[in-house]
Structures are given as C-alpha cells and as structure tokens.
Amino acid sequence: MEETALKKFTTAKFISFAIGFFGLQFAWQMRIILSGPVTEELGASPFLFGLIWLAGPFTGMVVQPLIGALSDKTRTAFGRRRPYLLGGALLSALALWAFPNSANITDWFGNLIGVNLPLWSALLFAAIMIWILDACVNIAQGPYRALVPDVVPPEQHSIANSYISLAIGLGSVVAAGTAPFLKWAFNYQMPINAQFIMAALAFSLGMLWTCLAIKERKLAVTAKSETEEKFNFIKSLKDFFALSPEVGKICWMQFFTWIGNMCMMIYFTQYAVHRVFGVPDLSDVHETIKASYDAVVLAATNYSSVCFALFNLVCFLVAIPIGVLSVKYGNKKVHIISMISMALAFIGMAFTVDTKIVASLMALSGIGWASICALPFAMLSQYIKPGTEGSVMGIFNIFIAGPQVFVCTLVSWIINKCMYISDEGVNYHWEYTFVIGAICLITASVIASKVKEKSKEG
C-alpha cells in the first residue's frame, strides 16, 4: 500500500516535527493558567469553574477517539493526519482570541441587536469558547501522536517521543514565563488578552510549520462505506481492550494518574491567588471591591505563571534523562518513582503558603510531569498493531480525559463546600485539591507496580 518508504529523521527534521506540538502546548498552557482569572472575573464560583473545565474531558473522550479513527481512514492530497492538525490549530486560534474578550464581544452583540444582555451571557460565551478551544486542541492532538509511527522509522520512535516531551516542556515554559519576564525585565504587565493572542499565533504558526515541513506517506485509497467505517471503529474499541491484560492495568494507572495531575493543573492558579496570596473569593462581590484587588490578583497570576514555568522547565530538563533511565531500568520503575516525587510535592503544597517553598515543590512536580508525558505511551506502544495507531491513541485518551470529569465535578464540589471566612472575606480551601491529587498519584503508583512490561517479562 505504501508508495514511499520511511526515511530516518535528522535533528533538524525532529525539531520541525516538534514545533507544532510546541505551539499546541503553548496554547494549552495559557488556557490552564489564565482560564480561572478570566472566568472568575465574569462571576464563576469554584463549582462553575469546574463545570466549565468539563469541556476538556468531554471533548477528549468524544473527539479524540472519533478523530483518531477518522484520521486512520482519511486520504487527501495533504495527508491523513495534517488536515486535522492544521484545522484544529486554526479554529483554536479563533477561540483563544475570543475567550478573554467574552465580555466585550457580548456587549458588542447586545448593542448590535439593541438588547441589554444579562450579566451571565459573557460567562456563557466564555464557556462556549473554552469548549470550542478544547475540542479543537483534541482534534489536533490525537492525530499528532499517531503521526509518529506514520512518518518516523520504528527505531527512532523513542527519540520522536522525547522531542515531543521537550516541546511540551519548552512550550509551557515560554507560555508561562513570558508575562512574568516582561514584568521583571521591563516593568511591563502583559494584558491577559494579549497573552491569549500570543498563544493563538504560536499554535497556528507552529502547526503550519510542522504541516509544511513534514511529509506524510502516500497510501492507496480504498473505498469504504459509512456503515463499515462505524463498524471498524466499534471493533477497534473492542480490540483495544483485547490487546493484553496489561493494557487494562496501564489504563487504570493512567486514570488515577490524571486525576492527580489535573487536581494541580486545573486549580493551581486559584490556589495561588486565594490560598498563597490570600485574596478572598471575588466571584460575587461589587466591582469596586474587585478593583481593589487587581494588583494582588495580577501578582498572584504572575506568580502562578512562574511556578508553571519552573514546573515545565524541570520537565524539559529531565525528559531525555527519564528516557535513558527507562531504557536501563524499565518504564514502570522510573514512572513509579516520578509519580511518587510528584505526590510528595503535592502533600507539601497542601500544608504551606510560603511562596519560595511552593515554587520549589512545583519544580519537583515537573519530574512527574515529564514521566506522564512519555512513559505511559511507551508502555502502551508495545501492544499497538500497525494501522490502528490513531484509534488506539484516541481510545487511550479516554483514560486521560475521563478522570478530568471527576476533578471538574466532585473535586470542585468539595472545594465549593469547604468555605471559610477570613479577615478579608469569604474564601475556599483550595489546598484540599492537592491532598486528593497526592492520594490518586500514590494509587496510580501501586497499580503501575503490577504491570508486567512486555520487553522485560514477556
């Protein structure tokens, strides 16, 4: 079926391959750090904030498996994966621009039709933009992972995944560190909407570069009916769980890993603003009170960005060493140690508000993040059958996206119920999310210890 054979990648080609993921992670990191301040400004309580975050897991569970299966069957002159990569990036760029401008857009639309829209309309529009953004990121992300076995020779797969991990770390560092750096170096506070525009440009231009630089193999076109396409996807779902008993263990490991990981990803900025910097809840207070906290909220948001930059810098620095160690000692051993280090960091953050200690613990968490970005995929890749890469990666993403539903609903509900009154006003125990996260990471480590690695134990 193949008209062109795979050629070995050079370093320059690996960099071109990874630039698109740099842009994707840049956009995703901006969404992680700044969606909380934007939605809280529009009136979102902790529970509403969690519900808005449901966009990620729901679109991940639905979009990635479907797009993965579709991309396996797609045949175009532009390739089978690249249309999804570029299309997802361009649509995401529009949502990234619109999200922080939700209030202005709804005001403009209200004036256009001559109606005073209710205050919650801006929050609703922002939530819709989050859903569109997350759906489009998932449209690009699944086929991107599947592109590795499509265009990279088998003996270079581990190197390709290492470059993806490097792109994840570097993209996140630049995204998180730009605004704090400009403030530190030039005393310029970059507006939130400007940061989102920067992310939109990084995602769209980075993905365009990769799509133009990386050529896909041309495969023979085979005509299939719509019924057959649906049947094949359902069959691939069944086949996925029949690959090996170890696949089920890897999936459960991934499930608890991502509950723990997302407890930090989703709520850290709110934790920094309200717990570390002591800002009371501002979702239901008068505009004059909100304005009085503007400077502190900006400082806390910049601090959160610095912490995420450190977190991802460590991920960037240890990505290759983790790959080397996993080859020597096995994927699961390295992954277990990495997850336990992350759990210990979470426990520390639950019991301190010292800015230096919290930043150091976030840096320590980056070891776990580097492992999460690479080793579970390496463990699963032993069981992937050729020609099913997109479907398998899409189905595996269910165990990344699904746990986030738990975090966005039950964890946000717990925080919403754990309200207390401080001297400044109403606040919430955002630190409880780290206790839950640590418990889940330890659980994932126990499950990982039960996995029998194919390469070591057959």
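User: Happy to dig into this predicted model with you. Which residues lie nearest the centre of the largest cavity, and how many line it?

Analyst: Glad to! Trp 28, Gln 141, Trp 258, Asn 397 and Ile 400 lie nearest the centre, and the lining has 29 residues.

User: What makes this space a cavity rather than a pocket?

Analyst: A 1.4 Å probe fits in a cavity but cannot get out, whereas a pocket is open. The space in the largest cavity comes to about 400 Å³, and the count is two cavities of 30 Å³ or more.

User: Which helix gives the most to the lining of the largest cavity?

Analyst: That is α6, with six residues. Helices that each supply at least two residues include α1 (11-41), α6 (120-151), α10 and α17 (398-417). By class, the lining has 18 nonpolar, nine polar and two charged residues.

User: How do you know which residues make the contact between α10 and α12?

Analyst: Contact means heavy atoms within 4.5 Å. The residues that make the contact include Met 264, Phe 268 and Val 276 of α10, and Tyr 303, Cys 307 and Phe 311 of α12. By class, this contact has 12 nonpolar, three polar and no charged residues.

Note on methods:
Residues numbered from 1 in each chain as written. Predicted model: local features only at pLDDT ≥ 70, side-chain atom pairs only at ≥ 80, totals over all residues. Heavy atoms only, no water. Helix = DSSP H or I, 4+ residues; strand = E, 2+ residues; numbered from the N terminus. Nonpolar A, V, L, I, M, F, W, Y, C, P; charged D, E, K, R; others polar. 1 Å grid on protein atoms, 1.4 Å probe; cavity = no way out; pocket = protein on both sides within 12 Å on 5 of 7 lines; lining within 4 Å. Points joined across faces, edges and corners; volume = space filled by probe spheres on them.
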